[in-house]
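User: Please take me through this structure, one topic at a time.

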Amino acid sequence: MLSIDPATNTERENYKLLIGSIIPRPIAFVTTSSRDGIVNGAPFSYFSIVSSNPPMISIAIQRKEGIQKDTARNINELKEFVIHIVDEQIVEKVNTTAANLPPEQSEIELVNLTQINSTKISVPGIKEAKIRMECILEKSLALGGSDEPGCDLIIGRVVQFHVENDIYENGRINPSGLAAISRLAGQDYAHIGETFSLERPK
């Protein structure tokens with residue numbers, strides 16, 4: 001077995017080890033608003049649950065040469081954002097939103113996704129997503145980097161869930177109906193595929 005010291009690697013080498021090892025990763029499509037009212041949309045696969053009491057999620061937004069991405073800047077300024085679970089029906093459009101656009105151009109308009117008003121926050125969501133979560137900023141941490149931060153770790157508190165009726169059964173989400181897409185490495189994605197169950201020990 002190889003034994004690799006990350007301190008001897010380049011950032012890109014460590015990146016490839018991480019994204020090739022930690023798979024599959026759920027994808028969050030995040031909508032935010034700028035101070036000028038431009039709605040930004042971008043996908044992130046450094047995304048997970050933090051807590052269920054209260055419900056909180058995390059996204060890690062990488063910086064390029066220490067510069068914050070529009071999503072992180074908008075969240076830190078307005079303290080609100082919407083998380084959408086990326087599914088089979090919207091994954092191609094979501095992928096297109098990953099293009100580098102100027103802050104004054106909306107990715108949502110670029111790919112013809114439909115904005116829908118949120119219930120408890122000012123940032124709109126995307127109607128086409130089967131699940132969306134309205135979030136307020138709980139904590140923002142600038143992390144990593146030797147001279148300047150390498151990423152913004154965003155912790156969001158979910159203040160409203162929106163779930164498509166057809167996939168909500170007896171208080172649970174139907175994974176087949178959701179048909180979530182996960183991120184692998186490079187240009188690869190994955191469907192949920194075959195599932196199995198194991199009983200937890202008591």
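**Pockets, sheet and backbone**

User: How do the residues lining the largest pocket divide into nonpolar, polar and charged?
Analyst: The lining comprises 22 nonpolar, 16 polar and 11 charged residues. Here Ala, Val, Leu, Ile, Met, Phe, Trp, Tyr, Cys and Pro count as nonpolar, Asp, Glu, Lys and Arg as charged, and the others, Gly among them, as polar.

User: What should I know about the numbers themselves?
Analyst: The model is predicted, so local features need pLDDT of at least 70 and side-chain atom pairs count only at pLDDT 80 or more, while totals for chains, interfaces and linings use all residues. Residues are numbered from 1 along each chain as its sequence is written, and side-chain values use heavy atoms, without hydrogens and water.

User: What volume does the largest pocket have, then?
Analyst: Its volume is about 1,600 Å³, taken as the space filled by probe spheres set on grid points that are joined across faces, edges and corners. Phe44, Ile61, Gln62, Arg63 and Lys69 are the closest to its centre among the 49 lining residues. On a 1 Å grid over the protein atoms alone, a pocket is an open set of points where a 1.4 Å probe fits, with protein on both sides within 12 Å along at least five of seven lines, and lining residues have an atom within 4 Å of a point.

User: Which element gives the most to that lining?
Analyst: Helix H1 does, with 6 residues. At least two residues each come from H1 (11–21), strand E3 (39–44), strand E5, helix H2 (70–78) and helix H3 (91–96). Helices (H or I, at least four residues) and strands (E, at least two) are DSSP runs, numbered from the N terminus.

User: And the second largest pocket: which residues lie nearest its centre?
Analyst: Pro26, Ile49, Ile85, Met133 and Leu178 do, out of 28 lining residues. Strand E1 (25–26), E4, E5, strand E9 (131–143), E10 and helix H5 (175–178) each give two or more residues to this lining. E4 has the largest share, at 5 residues. The pocket holds about 740 Å³ of space, and its lining divides into 21 nonpolar, 6 polar and 1 charged.

User: Which strands does E5 pair with?
Analyst: E5 pairs antiparallel with E4 (residues 47–52) over 5 bridges, and antiparallel with E10 (residues 151–163) over 7 bridges. Strands count as paired if DSSP finds at least two bridges between them. Phe47 faces Ile59 of E5 across the pairing, while Ser58 stands opposite Ile155 in E10. E4 and E5 also make a hairpin, with 2 residues between them.

User: What is the strand order of the whole sheet?
Analyst: The open sheet has 7 strands in the order E3-E2-E6-E9-E10-E5-E4, paired antiparallel. E3 and E4 are the edge strands, each pairing on one side only.

User: Switching to the backbone, where are the cis peptide bonds?
Analyst: One runs from Ile23 to Pro24, with omega near -10°; Pro24 belongs to the loop between H1 and E1. Another joins Asn53 and Pro54, with omega about 0°, and Pro54 lies in the loop between E4 and E5.

User: Which residue other than glycine has phi near 50°?
Analyst: Asn170 has that positive phi. Asn170 is in the loop between strand E11 (168–169) and strand E12 (172–173), and counts as exposed at 82% relative accessibility.

Notes. Buried < 20%, exposed > 50% of the residue type's maximum accessible area, 1.4 Å probe, protein only.
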